[in-house]
Structures are given as C-alpha cells and as structure tokens.
Amino acid sequence: MQVLLAQPRGFCAGVIRAIEIVERALEKYGAPVYVRHEIVHNKHVVDSLKAKGARFIAELSEAPAGAVTIFSAHGVARVVEQEAEIRGLKVLNATCPLVTKVHIQGKNYVSAGREVILIGHAGHPEVEGTMGQIDGPVHLVQTEADVEALPLAIDTPVSYVTQTTLSVDETRGIIAALQRRFTNIVGPNTKDICYATQNRQTAVRELCERVDVLLVVGATNSSNSNRLREIGSEMGLPSYLVADGSEVNPEWVRGMARIGITAGASAPERMVEDVIEALRRIDTVEVTLMDGIEETIQFRLPSELTKDEPVAARHAVAG
C-alpha cells in the first residue's frame with residue numbers, strides 16, 4: 001500500500017512552545033512542577049511529561065503554596081490568574097500567543113463599547129479561558145442558528161472573535177450570519193485565524209483527493225484533530241481518528257491502495273511513525289510526503305526560562 005503524509009501535520013508552534021516550557025521548567029526548578037489541565041490535548045505528550053516530573057492538576061488548589069505552576073496552551077480565565085497570585089504560585093504561562101491575541105482583541109472591543117460574540121465550542125478550555133478574560137458579557141455562538149437566537153437588537157454595536165482551533169471554512173458561515181443580523185459589527189481579519197489550523201485543514205483536503213482512506217493521528221478530546229477527521233468524512237472517505245498504531249484496525253485499510261495520514265496540531269510525529277509501523281505489520285508500505293507549506297513560525301519562551309539568572313531555593317514539596 002502507498003502511504004501519503006499530509007504537509008503540514010502534527011505539532012504547531014504554540015504546542016512546541018508549551019511543551020518546551022514544561023521541559024525547561026523541570027530542568028531549571030526541578031520536579032515536580034504543576035500543570036493546570038493537560039498542557040495540550042494529547043495523552044502521549046502528557047504521559048511523557050509526567051514521567052519527567054510534571055504533575056497535572058484540575059484545580060490550582062492541588063498545587064502547594066509557592067509551587068511552580070504552568071497554565072496550559074489553551075489559556076485561563078482571569079480568576080485563575082488571580083487565584084494563583086493569592087496563593088503565591090510561581091506561574092509560567094504557556095498560553096499560545098495566538099490565543100492571547102484573541103483575549104486582547106476581545107478586551108479592546110469591550111473598551112470600545114461593543115458587545116463581544118465568541119465563535120467557538122462550548123466547554124472547550126480555550127473558550128472558557130477567553131470568556132473569563134474579557135470584562136463584560138460574552139455571547140457564545142456555535143452555529144448560524146445561535147446567531148439568530150442572540151438577545152441583541154440589530155443596531156447593537158457588536159464584535160466577534162473566534163476560537164483559534166477553528167478555521168476560516170468553519171467560521172465563514174457564522175460570520176456571514178452575524179453580518180446579516182447586525183448593522184454595526186466589526187471583527188478581526190480572517191488572517192488572524194490560527195495559521196496552523198487552516199494549514200492542516202487545507203493540506204488534508206488536498207490529501208483526501210488522492211487517497212482511499214484517511215487516518216488522523218490525534219486525541220479524541222482534540223478539537224482540531226476531530227475536525228480533520230470530519231473533513232475526510234465530508235469528502236466521502238472512510239476516515240478514522242487514532243491515538244497511535246495500536247488503534248489501527250486492519251479491516252480499515254485492507255484492499256486499499258492509498259492510505260492518507262495526517263496529524264492534529266498536538267500530536268507528536270512519533271505517533272505518526274507508530275501508525276506507519278502498524279500499517280507495515282499489515283502489508284508492504286511505501287511512504288510519500290505530499291508537497292505543502294513548510295511552517296517556520298516560532299514563538300518566544302517566557303523570559304524566566306531564557307535569561308540567565310540565579311535559581312531561587314527550590315520550594316519544599318512533600319511526596
């Protein structure tokens with residue numbers, strides 16, 4: 001069978017930065033360091049960091065006072081930041097800079113006297129963090145029907161921001177519905193949508209035109225990974241989301257000449273390789289990399305982890 005790999009796929013700059021923050025914190029301050037929620041949505045990444053000494057917690061109350069604590073790439077609400085300050089936690093913020101940009105946009109819109117509408121998925125950590133960063137009401141919409149149900153007059157000054165893991169394609173219809181509904185509306189340029197999300201979705205559409213079945217490497221709780229699988233299904237292909245090679249069902253690919261593989265933005269390349277190895281146990285495999293965008297964007301690490309400074313005495317932590 002021929003395996004075609006999408007380009008780009010896998011880790012984006014925000015994910016690389018978040019993981020490196022945890023690893024450098026462990027090197028600088030020693031284990032344990034505490035990470036609020038999964039640093040990114042991928043069990044293999046989380047398990048690897050756990051083995052190095054990271055402890056993942058649901059609430060800040062689980063971290064000892066004064067502990068080194070890291071906020072995940074998805075961002076947090078201001079009340080979480082305030083709680084960390086009250087408890088004297090040494091915070092390293094791994095929020096993706098593109099998510100922070102959305103926070104700033106929302107705050108600026110509120111300062112300009114506008115109601116803020118957030119396009120996103122209810123319950124997603126990034127959505128909860130964004131809503132908690134903006135002073136004043138934030139109206140969450142997930143569908144065009146939600147736009148029609150908004151309890152706002154048509155001449156209300158409104159603005160919109162989007163969850164970064166959505167693409168231009170996903171938001172286009174909702175933005176159009178907002179523009180039809182309201183006479184006084186502003187929003188960010190579509191180029192402000194997360195580059196990594198858009199690039200991976202564009203690549204998987206091109207991939208799907210050349211293969212018989214699509215395998216997406218990623219976690220079930222990863223929004224962007226699920227969307228990649230959905231795109232394959234929408235294009236009429238059998239499409240499956242797998243965490244690693246152990247989840248590949250031989251029946252999915254038996255008799256298929258061309259297998260497409262991509263990976264969500266939080267999926268490590270070693271899991272892609274693991275899936276390829278699983279396919280090799282089924283049949284002979286020839287791997288080809290598709291042409292595509294080569295991403296060169298890099299995000300800076302927090303200054304505490306890059307500048308040379310004496311390390312303060314490590315806080316005492318039992319266990």
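Which residues does UniProt list for "binding site" in this chain? The views below take up this point together with the domain arrangement.

**View 1. The annotated cysteines.** In an unreviewed entry, UniProt lists Cys 12, Cys 96 and Cys 194 for "binding site" (positions are in the numbering used here, feature names are shortened, and annotations may be inferred rather than shown by experiment). They span 183 residues in sequence, but no two of their C-alpha atoms lie more than 10.2 Å apart, so they gather at one spot. Cys 12, Cys 96 and Cys 194 are also part of the lining of the largest cavity (on a 1 Å grid over the protein atoms alone, a set of points where a 1.4 Å probe fits but cannot get out; lining residues have an atom within 4 Å of a point).

This is a predicted model, in which local features need pLDDT of at least 70, side-chain atom pairs count only at pLDDT 80 or more, and totals for chains, interfaces and linings use all residues. Residues are numbered from 1 along each chain as its sequence is written, and side-chain values use heavy atoms, with hydrogens and water left out.

**View 2. Domains of the protein chain.** The assignment, automatic or from a database, gives domain 1 (2-11 + 195-289), domain 2 (13-96) and domain 3 (98-186). The centres of domain 1 and domain 2, taken over C-alpha atoms, are 29 Å apart.

**View 3. Interface of domain 1 and domain 2.** Contact (heavy atoms within 4.5 Å) joins 13 residues of domain 1 to 11 residues of domain 2. The two domains bury about 910 Å² between them, 55% of it on carbon and sulfur atoms (accessible area, 1.4 Å probe, lost on being put together, summed over both). Phe 11, Asn 221 and Ser 266 supply 49% of the area that domain 1 buries against domain 2.

Note on methods
1 Å grid on protein atoms, 1.4 Å probe; cavity = no way out; pocket = protein on both sides within 12 Å on 5 of 7 lines; lining within 4 Å.
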